[in-house]
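Open your viewer and get ready to click around. We'll go stop by stop, picking a few residues each time.

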Amino acid sequence: MKKYCFYVLSLFMATAMSVSLSSCGDDDDEVGGTLSPEVTTVTDANGVPYRVTSFGGEYFYSYDGEGKLSGLNVGYTNYKAEITYSPFIISESFWDYDYEDNIKTTFSLNGKGFISGYSSKFTDTEKGGDGYSETGTETVTCQYNDAGQLTKYTSKGNYSGKEDGEKYSGNWSGTTTLTWQNGNLTKMACTATEVEDGEKDSESWSYTFEYGTQANGAGQWLRIMQEAAEVGFEEMLDMLGPTGLFGRGPKQLPIAYTETDEEGNSHNGQLAYTMNDNGTIHSDNGAVYTYDAASAEEVKAQMKQMMPTMRKAHRSMNHRIHARRMARK
């Protein structure tokens, strides 16, 4: 069976999109904590603050008067997310005629308001059929540099389930180290290990980046960081990265990357962006940002554009549990 722990790597290599360390412990971590309004604020070239309201036509966000994330949607009807604070918890559920999926994630924040770690519990249950079911937990820790840029992402967890009448169980661990120079991300090095029913599998891979002259004036998190950094089950970087909760992006926008696996095989890819007049990102490699200054019509248009994709993923919650299930085949 193909191990999920390496699904992100395998998918990315197949589709090829066409950091001085300071521990979060340096700032007092707090389960829940108070989000700094600056964390979820994008400041444009004129000093005007904005917040991201959607990314890629897939993730949709809303905030309360204090700038805390208060609403989350993944553009699919049968999806619900509840967000609470003290402690900071996101409870997600997805359901359809065949499956019911639930994830409860409790976050810790460092003194600057960035996510220093989280703990997730997930369940995936089939209604009828062959009685497929899976439960598991994941624990993630994060580290940042003084500029608020992610330098290390570590995931470990376990799972157990039943499929076609057979039981299985496993555990995994994975780490991504991000190296920064002069405010720019130069390298991401990833390792991952998974053991399922006594069978062990390990992999490692890396990305290096090339830069041009285009500034990332608002310091926004980038799609390539989301796709490459995550090693684990729940794609929180993918979902919450655009809000700023996982730190800031590079000072400039990378124009190309080289991906290399543990055997030395490499792949080169190009990166492209379009910018708004105020210096914020409009499109990040095809994924469009909208901000709180955007009209409701713009946000609705993004959701409508992605609805066919969402329908194809009807057996998944935000593609995550679907990816886990498909990777087991």
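**Stop 1: two salt bridges**

Select E66 and K68: the two form a salt bridge, with their closest N and O atoms 3.6 Å apart. (A salt bridge here is a side-chain nitrogen of Lys or Arg within 4 Å of a carboxyl oxygen of Asp or Glu.) Before we go on, know that this is a predicted model, where local features need pLDDT of at least 70, side-chain atom pairs count only at pLDDT 80 or more, and totals for chains, interfaces and linings use all residues. Residues are numbered from 1 along each chain as its sequence is written, and side-chain values use heavy atoms, leaving out hydrogens and water.

Is K68 buried or exposed? K68 is buried, at a relative accessible area of 15%. The cut-offs: buried is under 20% relative accessible area, exposed is over 50%, and partly exposed is in between (1.4 Å probe, protein chains only).

How many salt bridges does a search of the whole structure find? It finds two. For the other, pick K80 and E82, whose side chains meet at 3.3 Å, N to O. K80 is partly exposed at 44%, and E82 is also partly exposed, at 43%.

**Stop 2**

Now select residues 59–63, strand β6. (Strands are DSSP runs of E, at least two residues long, numbered from the N terminus.) Four of its five residues are buried, so β6 is largely enclosed by the rest of the structure.

(Strands pair if DSSP finds at least two bridges between them.) Look for F55 opposite Y59. Three residues sit between the strands of this hairpin, where G56 takes a positive phi near 65°.

Y63 has L69 as its bridge partner. This hairpin has five residues between the strands, and G67 takes a positive phi near 90°.

**Stop 3: the nonpolar cores**

Select I115, Y153, L240 and F246. Of the 60 residues in the largest nonpolar core, these touch the most other members. (A nonpolar core is a set of buried Ala, Val, Leu, Ile, Met, Phe, Trp, Tyr and Cys residues joined through side-chain atoms within 4.5 Å.) Apart from that core lies another, of eight residues, including I103, F122, Y159 and F233.

Finally, center on F246. Leaving aside neighbours within four places in sequence, F246 is in contact (heavy atoms within 4.5 Å) with residues including Y118, C142, W221 and G241.
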